[in-house]
Amino acid sequence: MISTLRQLFKNENGATAIEYGLIAALIAVAAIAAFQLVGTNLSSMFNTVAGQL
């Protein structure tokens, strides 16, 4: 039983999967923020152009 517990503590596959999940979540949050910023600026630009026409 002790050897089984030692193997579980040495197994890092779960930790690696969690780290990859956290990295993916951080990238997703950054992408969403960037898309919102670009979308707002693009909308403002189109409104400016439309107003000048």
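Me: Which helix is Ala34 found in?
Reply: This is a predicted model, where local features need pLDDT of at least 70 and side-chain atom pairs 80 or more, while totals for chains, interfaces and linings use all residues. Residues are numbered from 1 along each chain as its sequence is written, and side-chain values use heavy atoms, leaving out hydrogens and water. Helices are DSSP runs (H or I, at least four residues), numbered from the N terminus. On that basis, Ala34 sits in helix 2.

Me: How far apart are the C-alpha atoms of Ala34 and Gly21?
Reply: Along the chain, these two are 13 residues apart.

Me: Does Ala34 count as buried, partly exposed or exposed, and why?
Reply: Buried is under 20% relative accessible area, exposed over 50%, and partly exposed in between (1.4 Å probe, protein chains only). Ala34 has 37% relative accessibility, so it counts as partly exposed.

Me: And Phe46: buried or exposed?
Reply: Phe46 also lies in helix 2, residues 13-52. Its relative accessibility is 55%, so Phe46 counts as exposed.

Me: What share of the 53 residues counts as buried?
Reply: The C-alpha atoms fill a box of roughly 80 × 10 × 5 Å along the principal axes. Across the protein's 53 residues, the buried share is 0%.

Me: What radius of gyration does the protein have?
Reply: It's taken over C-alpha atoms, and the globule rule is 2.2 Å times the number of residues to the power 0.38. A compact globule of 53 residues would come out near 10 Å, but the protein has 23 Å.

Key. Helix = DSSP H or I, 4+ residues; strand = E, 2+ residues; numbered from the N terminus.
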